[in-house]
Amino acid sequence: MSKMRYSRRTILKGGVATAAATAFPAPMVWAQEIKDVTLRQFGTGVSNLNDVAQKVKEDLGFTLEMTALDSDSVTQRAATQPDSFDIADIEYWICKKVWPTGNLQAMDTSRIANYDKIVGIFRDGKLTPDSEIAQGTAPHTVGFIPEPGATEFADEETGWMTLIPTIYNADTLGIRPDLIGRPIDTWAELLNPEFKGKASILDISSIGIMDMAMVCEAMGEIQYGDKGNMTREEIDKTFAIFTEAKQNGQFRAFWKTFDESVNLMASGEVVIQSMWSPAITAVKSRGIPCVYQPLKEGYRSWGGGIGLSSSLSGIELDAAYEYINWYLSGWVGGYLMRQGYYSAVPETSKDFMSENEWGYWFEGKEATDIITSPTGDKLAEAGETRDGGSFEERMGAVACWNAVMDENQYMVRKWNEFIAA
Amino acid sequence: MTEVAREVTLPGPVDAPRRKSVGAGLIGWLQAMPLALVLVFFLLAPIVMIVIVSFWGATEFSIYPDFQFDNYAFLFGSDVTYRVFFATFKYAAITWALTLAIGFTVAYFLAFHVRSQSMQIALFLLCTIPFWTSNIIRMISWIPFLGRNGIANSTLIDWGLIDQPLEWLLYSDFSVILAFVHLYTLFMVVPIFNTMMRIDPVLLEAARDNGASGFQSLVHVILPLTKPGIMIGTIFVVTLVMGDFITVRFMSGSQRANVGRLISNDISLLQYPSAAATAVILLITVLMVIGILLRFVNIRKEL
């Protein structure tokens, strides 16, 4: 063993490491040793999938331990228990909160093989050269730091990345078309008295407030300077509108976990609510009609990425880089895109999807055959198209990103009041 | 003479008298030590920590040592706090009244109407069956039952009793209290049943011989003698309900709040000092409630 480590170090000194990483998945010199590595990853349920851990074991040889938590717990853990994880799978707004604690270390982009192919949203913020940057914590604003060890974010690409983007999506309202029976095209419908007692919103303050802002703006009640960074006055006004709606019985319930949102929708307790893409998939796979309704004001978007614990070093760090390169190499991307998410490097995922799947999920084309989820449930018939259309149509219509505001603490207290109201 | 006798029984008789005084004291301390240590480490120390942290400050992602009253100032300065404490007391009071009524009735039936002891034990065990599964499962199983298209509503509609599903069955104060009563009635039954079993049947016979009706002997004999059991059950139910947060969250669909939810929200948002301050106030409140309850009945004397 020790002899092998010596040889690996020598190679590293020779500067071949980058070449070796790029040549992935070529067999590594330390292939034997890396099998003993165990990386502990935690994150939200969306991407912490056991299938991924199994595939890592198959393809890379080392063990990946997954822990799935809700967004709040993820933040808590990343901020307070740095030794409990090696890889943090977190969202960009969480990164803004957690990065200053120094619990994560920056990644050298020259060791990321597919770095150049990562979509623009995560690099300069622009999907296409002429697209406008949405409000909120846009991923590229917290994606880079000037140098290793810095706790401030850099304004442009620097070669030191905080999170390697993994998945992202554009969120909107989910509806039950069979129970509503008419077209829905604006966020303002969430507070329409027609749906009294049949609406819901999620009880995660940092995301819920954004949905609220989309609604208030669509109603024409409030004009925000920046929905992702509201002033106290804007926060007060927003909560006033929603508190009134709550007291009038607009909401059936609030949900905090994925399962709750699925059950609310599937049981018909709720006909319109803030929802996440795979939750729609889960409702549909029970044979219940459910639409992820595109709305004229645009989407509320979010992005996730993996960050490395600052305590990672040596062979574990090498393994982590290998894992990241593997993550971006396509298999995971294909898996997640078949659930309705997007991969940070879409073109590599294409090889792991059928032409029909790629057309349906990414290009917004009519399905030429039955579309199934990665677990085999039927999601769409031939001839159906994806809600919202193609990648460019959906990600190009992002109105704001999930965010953490300067007035976050104030907002949180207001949120508590809203729940108690 | 006793001294001599002891010297015979004790090994190493040379310095027996000295050993006796030191040994007795030491053994006493040693005997008290395990419990004392457990209490210090697992009860006292955490509470002290919570009190200390309640004066600390917090940023987005960390807490820092400080001595400030901000957390308390905000707590007492917000009318939400009062509303939430009121809601907590409301849940506790209603749940207490219902569990007492049901618990007392069940215990009374078990203790005085069921004649054979084996039948008593069998029925008592029957009461504990719901406890074979977890709290959460017992609670969540109400949700499909009470929902808009749930069993309760569809049955009522089938019977023609209602035309529209009853919305207040689920995600309301009703469902929260229903779950509380379901979860905690047994905590009332057990102590009351226990004290009732200890009532000397002779007393009831005497009451009857003196011409008391069934109701009179219930009010004047059984009720006073069951007070300690009622009090113990009350303490169980009140503290459980006041400290709960998950029942309120699930059964109200996150629409209602009690103090526990306030604390859990703060914790999930990394606002530990503010959560600690709320916890301290809740602890003081609960202790005061128990203090008042204990004024009515001296449990220790009656046990």
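1. Helix α12 of chain A, which covers residues 314–327 of this predicted model, has 14 residues and runs 20 Å from its first C-alpha to its last, close to the 20 Å expected at 1.5 Å a residue. Ten of the 14 residues of α12(A) are buried, so the helix is largely enclosed by the rest of the structure. The buried positions are A:E316, A:D318, A:A319, A:A320, A:Y321, A:E322, A:Y323, A:I324, A:N325 and A:Y327.

2. On confidence, the pLDDT of chain A averages 86, and 92% of the residues score at least 70. Residues 1–27 of chain A, however, have a pLDDT below 50, although this stretch has 23 contacts in the model beyond near neighbours in sequence.

3. The domain assignment of chain A gives two domains, each in two segments: domain 1 takes in 28–170 and 301–349, while domain 2 takes in 173–297 and 390–420. The centres of domain 1 and domain 2 of chain A, taken over C-alpha atoms, are separated by 27 Å. Their contact draws 26 residues from domain 1 of chain A and 24 residues from domain 2 of chain A.

4. On the side of domain 1 of chain A that touches domain 2 of chain A, the elements giving two or more residues are α5 (71–80), α6 (92–98), β6 (135–136), β8 (164–171) and β14 (299–309) of chain A. Among these, α6(A) gives the most, with three residues. By class, this side of domain 1 of chain A has eleven nonpolar, ten polar and five charged residues.

5. A:L264 is found in helix α10 of chain A, which spans residues 258–266. Because 27 other C-beta atoms lie within 10 Å, A:L264 is buried. When residues up to four places away in sequence are not counted, A:L264 touches A:S200, A:R252, A:A253, A:W255, A:E269, A:V270 and A:Q273. The C-alpha atoms of A:L264 and A:M214, which are 50 residues apart along the chain, are separated by 22 Å.

6. A:L379 lies in strand β17 of chain A, residues 378–380. With 20 C-beta neighbours inside 10 Å, A:L379 counts as buried, and the cut-off for that class is 20 or more. Leaving aside neighbours within four places in sequence, A:L379 is in contact with A:T281, A:K284, A:S285, A:I371, A:T372 and A:S373. Between the C-alpha atoms of A:L379 and A:I280, which are 99 residues apart along the chain, the separation is 9.8 Å.

7. Chain B has 15 helices and two strands. The radius of gyration of chain B is 26 Å, whereas a compact globule of 303 residues would have one near 19 Å. Taken along the principal axes, the C-alpha atoms of chain B fill a box of roughly 90 × 70 × 35 Å. Buried residues make up 28% of the 303 residues in chain B, and of the contacts in chain B with a separation of 6 or more, 68% come from residues 24 or more positions apart.

8. Between the two chains, 21 residues of chain B are in contact with 26 residues of chain A. On the side of chain B that touches chain A, α4 (79–113) and α13 (259–268) of chain B each supply at least two residues. By class, that side of chain B has eight nonpolar, nine polar and four charged residues.

How values were computed
Residues are numbered from 1 along each chain as its sequence is written. Chains are lettered from A and ligands numbered from 1 in the order in which they are written. This is a predicted model: local features need pLDDT of at least 70, side-chain atom pairs count only at pLDDT 80 or more; totals for chains, interfaces and linings use all residues. Two residues are in contact if their C-beta atoms, placed from the backbone, lie within 7 Å. Helices (H or I, at least four residues) and strands (E, at least two) are DSSP runs, numbered from the N terminus. Ala, Val, Leu, Ile, Met, Phe, Trp, Tyr, Cys and Pro count as nonpolar, Asp, Glu, Lys and Arg as charged, and the others, Gly among them, as polar. Domain bounds come from an automatic or database domain assignment. The expected span of a helix is 1.5 Å times one less than its number of residues. A residue is buried if 20 or more other C-beta atoms lie within 10 Å of its own, exposed if 12 or fewer, and partly exposed in between; C-beta atoms are placed from the backbone. pLDDT is the predictor's confidence in each residue, from 0 to 100. The radius of gyration is taken over C-alpha atoms; the globule rule is 2.2 Å times the number of residues to the power 0.38.
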